[in-house]
Amino acid sequence: MRAQVQRTFGGPEVTVIEDIDDPVPDPDELLIEVRACALNRLDLLQRRSALVRGFSLPHIAGMDVAGVVVGHGPGADPTMLPIGTEVLVDPVSTCGVCHRCTTGKPAYCDNLRTVGSTRPGGLAEFVAVPAGHVYRIPDGLSFVQAAAIPVAYLTAWHALVMVGEVQAGEKVLINAAGSGVSTAAIQFAKQAGAFVIGTIGGPARVAQALALGCDAVVDHYSDDVSDQVHAIVADGVDLVIDHVGTALFTASVDAMDVDGRMVFCGTTTGTQATVSLPSLYHWGRRLIGAGGWGPQEFAQMLEVVTSARLLPVIDSVWAFSELAEAQARMEAGGCFGKLVVEMA
Ligand SMILES: [Zn+2]
């Protein structure tokens, strides 16, 4: 098969399309013919260095797989998802037997494996994945739209719903509203009945954020983000969802109402932040690291996507041969929604 293989660390030049052997599914795995695969920040980070325990070269990136079932390992039930079923993949699998798995914390499994990170990913014609992590594509979604779901929607679902426990009528601030995670979080927050303020840069993207469902938008390149939020909701917001880290962390704390909570799950602008401790404890504000998602959450998330007929936001679609250009666009910023590679 053809696959984007990374054999060393570096810039776009280190990933090249090669002909390699087709994967052979293990007993409990399915073989998927990949039709579309979305990009993630982790692809870029892992192109430069090994970040995650278990990562190894040569590597095939691609955590967000949508495709067609074309084979079953000898232990996988072929009647559950027969040949030809159109599917998407929960990229994270757990071992089920380690200390974390057997004490109710499988998200922190000692043997966690992730498609496109510590397993071969979907930037290839075929990928073998654990059968229990494969789901039918919701009706009406294309392969490109389905590929935009797994990481972005699961991250958003986990942070906003499972950890953030968003409630109807709450005021929610969602930073970097144009990112894949945030476009999903905006959809889930509106679905939950929240009032949503998004931060975004640039007039064109303001219009996109409002069209997606934000009730109000503030410019995250200004130095008064929290003042802008308080001008919209005087007391501040009940919940903040952040994955940008340094750039908006302090402003996000200041944007919270008393008893506000902030769930954070990423560091795209940096890993360090300065926070006034009294600004937290005087006002009962809580900072909550999102943590990992559990094995049951993908199905819960997908059920809401299906029942609410949510449509993933696609920034752009790229040919398999255009991966370097697609990664450059993601790295440059200014996207709105997911970048997806469509397999020819
Ligand atoms: Zn485990």
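Buried here means under 20% relative accessible area and exposed means over 50%, with partly exposed in between (1.4 Å probe, protein chains only).

Before going on, some ground rules. This is a predicted model, where local features need pLDDT of at least 70 and side-chain atom pairs count only at pLDDT 80 or more, while totals for chains, interfaces and linings use all residues. Residues are numbered from 1 along each chain as its sequence is written, and side-chain values use heavy atoms, with hydrogens and water left out.

**The chain as a whole**

The protein chain has 11 helices and 17 strands; these are DSSP runs numbered from the N terminus, with helices being H or I of at least four residues and strands being E of at least two. The radius of gyration is 20 Å, close to the 20 Å that the globule rule gives for 344 residues, so the chain is as compact as a globular protein of that length. That radius is taken over C-alpha atoms, and the rule is 2.2 Å times the number of residues to the power 0.38. Along the principal axes, the C-alpha atoms fill a box of roughly 60 × 40 × 35 Å. Of the 344 residues, 54% count as buried. Take the contacts (heavy atoms within 4.5 Å) with a separation of 6 or more: residues 24 or more positions apart account for 69% of them.

**The parallel sheet and its helices**

Strands of a sheet pair through backbone hydrogen bonds, either parallel or antiparallel. For the bookkeeping, two strands pair if DSSP finds at least two bridges between them. Six strands form an open sheet here, in the order β12-β11-β10-β13-β14-β15, and the pairing is parallel. At the edges sit β12 (216–219) and β15 (286–289), each pairing on one side only. From one strand to the next, the twist averages 20°.

Two helices pack on this sheet. Helix α6 (residues 203–212) touches β11 and β12, and its direction makes about 155° with that of β12. Helix α7 (residues 225–232) touches β10 (171–174), β11, β12, β13 (237–242) and β14 (256–264), with its direction at about 160° to that of β12. For such angles, axes are lines fitted to C-alpha atoms, for helices over the stretch in contact, and the values run from 0 to 180 degrees between N-to-C directions.

Back to Gln208, which is found in helix α6. Gln208 and Asp219 are 11 residues apart in sequence and 13 Å apart in space, C-alpha to C-alpha. Asp219 also shows up in the strand pairing, as the β12 bridge partner of Ile200.

What encloses strand β17 (residues 338–342)? The rest of the structure largely does, because four of its five residues are buried.

| Strand pair | Bridges | Sense |
|---|---|---|
| β11 (residues 195–200) and β12 | four | parallel |
| β3 (residues 29–38) and β17 | three | antiparallel |
| β16 (residues 314–319) and β17 | five | parallel |

In β17, Val340 is the bridge partner of Ala38, and Lys338 is that of Ile314. Ser316 lies in strand β16 and is buried, with a relative accessible area of 15%. Leaving aside residues up to four places away in sequence, Ser316 touches Arg329, Lys338, Leu339 and Val340.

**Rings and cysteines**

How many aromatic pairs does the structure hold? There are five, counting rings of Phe, Tyr and Trp (its six-membered ring) whose centres lie within 6.5 Å; planes under 30 degrees apart are stacked, over 60 edge-to-face and the rest tilted. The rings of Phe249 and Phe264 have centres 5.2 Å apart and planes at 80°, so that pair is edge-to-face. It links distant parts of the chain, with Phe249 in helix α8 (residues 246–254) and Phe264 in strand β14, 15 residues apart. Phe249 is buried at 8% relative accessibility, whereas Phe264 is partly exposed at 27%. Elsewhere, Tyr153, Trp157 and Phe188 form one aromatic cluster.

As for disulfides (pairs of cysteine sulfur atoms within 2.5 Å), a search of the whole structure finds zero. For Cys37, the nearest cysteine sulfur is that of Cys335, 16 Å away. Cys37 is buried at 0% relative accessibility, and Cys101 is buried at 14%.
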